[in-house]
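Dear colleague,

I am passing the structure below on to you, together with some notes on what turned up when I went through it. Please read the notes with the coordinates open beside them.

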Amino acid sequence: MNIARIALLFGLCLTNAWAAGEVPPNVLHDWIRGVQLKGARHIQAERIPASVSPVYLKEGDAEPVEYAFFPEHVEGVAKLLGDFAYLERPAPALRWERVVRPLARMGKQWKAASGEWAWNNMAAYHIKLGSRERLCVESAYTGIGRSGRMQYVRAVVVFTPGKRQEILYASGYMLECRALLVFPNDDSLGYIELGVDESMAGAYTARVWRLGPGRKRSLVRAYRLEAAGAGEAGGGMLAREVSVSTGPGTDRGN
């Protein structure tokens, strides 16, 4: 069986997994965008008017070696983006403030999934933490099986203009820049991590993480998400908060 057929079958299996009693992606997405969390609020993310385009560094190259953001003529946008680019060779990496960061190394540092980004499925956002500006870039992944549920797995990286070090790198199901959280009392970042609830078929876990110094993260809230109507496909959802100490996941350093 060839690779294309394997990928197709894998994608179909994942797509068909949204059966009766399961929570469909649009319902999960709406819950993430609308959930109210005490002490936290959703990031206000403004899409940056820019396109990601392939760059051929020398005439006659068969393939591009990087994909750069080219902003539209809007005041301040070019300065915010800096020289951000996604590099495809010799290994998947990001360039920011003239420093190249291999995704594999970033993934290891932050304990986040890494791999090849889909340059034609990337977006940049202007976000603010208090009075401080940030750049948030999100991307889908490429590769075998990136269909069905896997098409909703995305990477998010946050940078501070004028500084070389990223302040967040994460990846996960339904993760995006607009799903990030801010804790106003100290302007720290957080995000909602979805996972499969192994104790109940068709259910998910939702963990609210808060980032601290040194890439440390703490578990703030935890939920179990399940279909509202037993045997109903594409219906509503029940979100049940569970104890952080006994619920899914435990505090751990990143």
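In this predicted model, the side chains of Glu-166 and Gln-165 are joined by a polar contact of 2.9 Å. Glu-166 makes a further polar contact through its side chain, this one with the side chain of Trp-110 and likewise given as 2.9 Å. As for where this residue sits, Glu-166 belongs to the loop that runs between β10 (153-159) and β11 (168-173). Is Glu-166 buried or exposed? Glu-166 counts as buried, because its relative accessibility is 4%, and the cut-off for that class is under 20%. Once the neighbours within four places in sequence are left aside, the residues in contact with Glu-166 are Arg-101, Met-106, Gln-109, Trp-110, Val-157, Val-158, Phe-159 and Arg-215.

The largest pocket has a volume of about 310 Å³, and of the 15 residues that line it, Ile-167, Leu-189, Leu-211, Gly-212 and Pro-213 are the closest to its centre. By class, the lining of the largest pocket comprises 6 nonpolar, 3 polar and 6 charged residues.

The second largest pocket holds about 210 Å³ of space, and of its 13 lining residues those closest to the centre are Glu-75, Gly-76, Val-77, Leu-80 and His-126. At least two residues of this lining come from each of β2 (45-47) and α3 (77-81), and α3 gives the most, with 3 residues. The lining of the second largest pocket divides into 6 nonpolar, 2 polar and 5 charged residues.

Lastly, a word on confidence. The average pLDDT of the chain is 81, and 83% of the residues score at least 70. Over residues 1-18, however, the pLDDT stays under 50, and for this stretch the model has 26 contacts beyond four places in sequence. The pLDDT is also below 50 over residues 246-254, a stretch with 28 contacts in the model beyond near neighbours in sequence. Where pLDDT is low, the predicted coordinates should not be read in detail.

With best wishes

Note on methods: Residues are numbered from 1 along each chain as its sequence is written. This is a predicted model: local features need pLDDT of at least 70, side-chain atom pairs count only at pLDDT 80 or more; totals for chains, interfaces and linings use all residues. Side-chain values use heavy atoms; hydrogens and water are left out. pLDDT is the predictor's confidence in each residue, from 0 to 100. Contact means heavy atoms within 4.5 Å. Helices (H or I, at least four residues) and strands (E, at least two) are DSSP runs, numbered from the N terminus. Buried means under 20% relative accessible area, exposed over 50%, partly exposed in between (1.4 Å probe, protein chains only). A polar contact is a pair of N or O atoms within 3.5 Å; within protein, one must be able to donate a hydrogen and the other to accept it, and residues adjacent in sequence count only if both atoms are side-chain atoms. On a 1 Å grid over the protein atoms alone, a cavity is a set of points where a 1.4 Å probe fits but cannot get out, and a pocket is an open set with protein on both sides within 12 Å along at least five of seven lines; lining residues have an atom within 4 Å of a point. Grid points are joined across faces, edges and corners, and a volume is the space filled by probe spheres set on the points. Ala, Val, Leu, Ile, Met, Phe, Trp, Tyr, Cys and Pro count as nonpolar, Asp, Glu, Lys and Arg as charged, and the others, Gly among them, as polar.
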